[in-house]
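Please keep the sequence and the model in view while reading.

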Amino acid sequence: MAVTVTNQSNPLGNKLVQDNSCTATAQDNTTGASGTLYMVEIDNSSFSTIVYFKLANATDATAGTTAADMVFMCPASSKRSYVFPEGIAFSAGFSHWCVTGAAEANTTSPSTPPTVRYVTS
């Protein structure tokens with residue numbers, strides 16, 4: 001079986017958002033516009049607590065109050081990537097935060113916050 005590599009004329013995404021210390025304090029409207037989400041990576045590899053990265057289709061968000069549109073779990077001492085080849089449209093913008101529980105009401109920041117990256121266009 002042959003392997004084929006095709007050069008793409010357009011990149012999958014053109015914005016990389018990186019938060020080196022993602023906590024329960026929401027980072028609002030990070031790209032400044034609506035867009036399409038293609039990838040999320042959570043680097044929790046150096047830390048011993050499970051984390052939940054929450055992403056809202058909103059220009060303003062508050063942990064414990066704003067319902068996240070997407071919730072990504074990353075186990076302790078792990079790194080996880082989530083990829084959406086066709087993309088997920090966000091009509092308002094991208095706001096994110098990270099907590100220690102999946103429940104919407106959770107507002108507890110990880111004691112050692114992970115690094116989170118996501119790619120949008």
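Which strands form an open sheet of 4 strands, and in what order? They are S1-S7-S2-S5, and their pairing is antiparallel. The model is a predicted one, in which local features need pLDDT of at least 70 and side-chain atom pairs count only at pLDDT 80 or more, while totals for chains, interfaces and linings use all residues. Residues are numbered from 1 along each chain as its sequence is written, and side-chain values use heavy atoms, with hydrogens and water left out.

Some terms are needed for what follows. Strands (E, at least two residues) and helices (H or I, at least four) are DSSP runs, numbered from the N terminus. Two strands are said to pair if DSSP finds at least two bridges between them. In general, strands of a sheet pair through backbone hydrogen bonds, either parallel or antiparallel.

The protein has 0 helices and 7 strands, which gives the pattern β-β-β-β-β-β-β along the sequence. Its radius of gyration, taken over C-alpha atoms, is 15 Å. The C-alpha trace spans about 50 × 30 × 20 Å along its principal axes.

Strand S7 (residues 115–120) has partners in both S1 and S2. Strand S1 (residues 15–19) is joined to S7 by 5 bridges in an antiparallel arrangement, and Lys15 stands opposite Thr120 in S7. Strand S2 (residues 35–44) also runs antiparallel to S7, with 6 bridges between them. Within S7, Val116 is the bridge partner of Ile42, and Arg117 is that of Glu41. S7 is mostly covered, as 5 of its 6 residues are buried, where buried means under 20% relative accessible area, exposed over 50%, and partly exposed in between (1.4 Å probe, protein chains only).

A further open sheet consists of 3 strands in the order S4-S3-S6, again with antiparallel pairing. Its edge strands, S4 and S6, each pair on one side only. S3 and S4 are linked by 5 bridges, and Val51 stands opposite Cys74 in S4.

Which residues touch the most other members of the largest nonpolar core? A nonpolar core is a set of buried Ala, Val, Leu, Ile, Met, Phe, Trp, Tyr and Cys residues joined through side-chain atoms within 4.5 Å. In the largest, of 17 residues, they are Leu37, Val40, Ile42, Phe53 and Tyr118. Strands S2, S3, S4, S5, S6 and S7 each supply at least two residues of this core. Apart from it lies another core, of 9 residues, among them Ala24, Tyr52, Ala56 and Val99.

Tyr118 has contacts (heavy atoms within 4.5 Å) with residues including Lys15, Leu16, Val17, Phe53 and Phe94, not counting residues up to four places away in sequence. Across the protein, among contacts between residues at least 6 apart in sequence, 81% join residues at least 24 apart.

Conventions. Rg over C-alpha atoms; globule rule 2.2 N^0.38 Å.
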